[in-house]
Every structure is written in C-alpha cells, then in structure tokens.
Amino acid sequence: MTNREIVVSGIRPTGDVHLGNYFGAIANFIKMQHEYNCYFFIADYHALTTHPDAKELPIFVRDALSIYLACGLDPDQCTLYIQSHLPQIPELYLLFNMLAYKGELEKIPTFKEKVRSQEALGKSINAGLLTYPVLMCVDIIIHRAQKVPVGKDQESHLEITRTFANRFNYMTGSSFFPEPYGFSYGNTLLRVPSLDNSGKMSKSEGNPSASIFLKDEDKTIRQKIMRATSDSGPTVPNQTKPDAIANLFDLLRLVSSPDTVAHFDEQYNQCTIRYGDLKKQLAEDMVRCVAPLRERYQAIAADTNYLRRVVQEGGEKARISANATLQGAKELIGLSYF
Ligand code: AMP
C-alpha cells in the first residue's frame, strides 16, 4: 500500500447521485481502489457553500455514502470518510486562504456560474463560495495526492490546485506538495450530458427530468429517456450530429455494447434511424446498468450501524494521513515553536 500513488476524490452531498457522477467519477474509483492508495470522501463542507439546509444534509450524506458502497467501493480497499470528520481540513484551508488571491478566485469560471445560479434563486453569495476552490485544493493535497479521478467539469479546479500547491512549495522553498492531475481510465475526462441538451447532467441545478439518478425506478428511467431532446432526423448521409443527437450517442456509448452503438451509427449515417428505437434501446441498457445499483443502495442505506462503522474507521485512517500533511506544512510555514 505504501508505495502506491495517492488518489483522492469526493462527491458533494447536494442531491441525488446521477449517471454523470457515476461515469465521470465513481466508476473510476471502483477500479482505482485496487491499484492505488485511495481516499474517497463525502464533501459535506462544500454542500454548505450553496445548500445550507440542515434537514437535507444528513439525508444526502447517507445517500452518497450508501451509493458509494452500492457501486462497489470497498472500505477494506480504500479509505472512505466524511470531509467534516477531518479537523485538519479546515486548518489547512485557513493556511491556504493566505496564499490565494481574491482576484484569481473571482475569475474562476465555476465561481461565476455558481454566482449566476445562486442569484437566479435569489440567494446571497457567501465568502465560502468564493474560496470554494481553496477548500477543494485542500481536499486533494491533504493526502498529498497525485491523481484525482473527476469529471471534465473539475479541470479548472485541478489547475488552480496545482497553482496553489506550487505557490506553497515556492514560498517555503520546498517540494512538499506534488502536482495533482485529473485521471480517467478512458484518458480523457468525461462529461455526461443532460437529457435536455442544456449542459451536463447535474444534481443540484436545473431540471431533474434531464438527469438519470442512480435511485431512479426503471419506469422513471424509461420515461426520462423517451422524453430526451432529439430532432426530426438526418436528411443527408453522414452529416455531423447536432448536439442533442451527439448527446444521445454519448449516453449510448456509456451503457450499450459497441455493436449497438455501431448499429445506430450506421442507421444515422444512412438516414434510416428512428430515434424512438434508439431511445428504447438506450432506456433498456440504462435500466440494466442502474437497477442493480439501486437495489444494493436500498439495502445498504437501511443499515445504519454498517454506515456508521464505515465512516468511523475511514475517518480514523484519513486523519492519520491528514495530520502528517498538516504538521509538515505548518513546519514549513514556520508555525512550529519551542
Ligand atoms: P459533484 O456532483 O459536483 O459533487 O461531482 C462529483 C464528481 O462527479 C466530480 O468528479 C465531477 O467531476 C463528476 N461529475 C459531476 N457531473 C458530471 C457529469 N455530468 N459528467 C461527468 N462527470 C461529472
């Protein structure tokens, strides 16, 4: 275990876990736990930047943990914990807030997007939202991780994490923090599109019928897929797929066999495709992918003692690693007396 590269990633408990989370992040976690020294967590502090609802948070935390386990994360193979169970995180976050500049945080595209969506909901922008990338940076470097399995939407956060880690190293004349990079077994970071062609699948914003949630019943999955945005079909052989259709093919590639994808691709190129047939196939393949996860999730979510034990043991392991990093960083900064 000790010679393995260190991996960190997390998920925010801000709503139901969806296929974007699964294929963009969790599917990679499942494989990586056998090859790397992995730390996976539930980012409950992050939820507070936009969702300060005390009643929902425990439900979403339990859900996220149960889904992690249902998808195949094994507490004997990886360290599974809740972000707020590591007091070292807010301490290192405070130290890194001294290294981050207000101007650079304001320029980050995800901050600007979140400001827009918060304002559209009539909500105020808290300072935690501005410094969210600092917290995210600390989540990664708290275990001095090198690899971060995330979706494409997190690229800008990884870039700023490298900037802050390098700045710390430069200011302390050290090479204490490695530069972390995004990781996906497919080599490129994934972006799972929404079903209404309005961007990426997401849990907190937008239209719930545009995302497939891992808790969705078979009937709901079929309904959502059949209502996905398409168009009236190609008119010229081999024409470029418009975004909405390219999205349907992207989803098909995630859950269907290569033969099925090739079959519909050929029909598209010959202008004989019927989107109803494609959607029916997609819906069945989605159901086959999601149904076993949902069933395992239901059993695990009902077992409170097991969930408690997993996060207690995971928290203990994670605090040992976080503490070593925090003490090392404090010494380099000069916060070490007598
Ligand atoms: P979040 O839901 O923002 O906490 O994201 C948890 C993980 O899921 C992160 O690694 C994201 O990059 C990934 N993720 C979220 N939405 C998508 C999506 N639509 N496509 C691919 N990855 C995603």
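This is a predicted model: local features need pLDDT of at least 70, side-chain atom pairs count only at pLDDT 80 or more; totals for chains, interfaces and linings use all residues.

Trainee: Which residue of β2 is the bridge partner of V7?

Mentor: C38 is the partner of V7.

Trainee: How do I read the faces of a strand?

Mentor: In a regular strand, side chains alternate between the two faces of the sheet. Now apply that to β2. N37, Y39 and F41 lie on one side, and C38, F40 and I42 on the other; all are buried, so both faces are covered. With 6 of its 6 residues buried, β2 (residues 37–42) is largely enclosed by the rest of the structure.

Trainee: How many residues of helix α8 are buried?

Mentor: In α8 (residues 132–141), 10 of the 10 are buried, so this helix is largely enclosed by the rest of the structure. Among them are Y132, M136, D139 and I141.

Trainee: And how do I describe two packed helices?

Mentor: Use the angle between their axes and the distance between the axes. Take α4 (residues 88–97) and α14 (residues 304–333): their axes come within 10 Å and cross at roughly 25 degrees. Angles under 35 degrees count as roughly parallel, and α4 and α14 are therefore roughly parallel to each other. Their crossing is left-handed.

Trainee: Which residues make the contact?

Mentor: From α4, Q88, E91, L92 and L95; from α14, R319, A322, N323, L326, A329, K330 and I333. By class, the contact of α4 with α14 has 6 nonpolar, 2 polar and 3 charged residues.

Notes:
Residues are numbered from 1 along each chain as its sequence is written. Side-chain values use heavy atoms; hydrogens and water are left out. Axes are lines fitted to C-alpha atoms, for helices over the stretch in contact, and angles run from 0 to 180 degrees between N-to-C directions. Helices (H or I, at least four residues) and strands (E, at least two) are DSSP runs, numbered from the N terminus. Angles under 35 degrees count as roughly parallel, over 145 as roughly antiparallel, 65 to 115 as roughly perpendicular and the rest as oblique. A crossing is left-handed if the near helix is turned anticlockwise from the far one by less than a right angle, and right-handed if clockwise. Contact means heavy atoms within 4.5 Å. Ala, Val, Leu, Ile, Met, Phe, Trp, Tyr, Cys and Pro count as nonpolar, Asp, Glu, Lys and Arg as charged, and the others, Gly among them, as polar. Buried means under 20% relative accessible area, exposed over 50%, partly exposed in between (1.4 Å probe, protein chains only). Two strands pair if DSSP finds at least two bridges between them.
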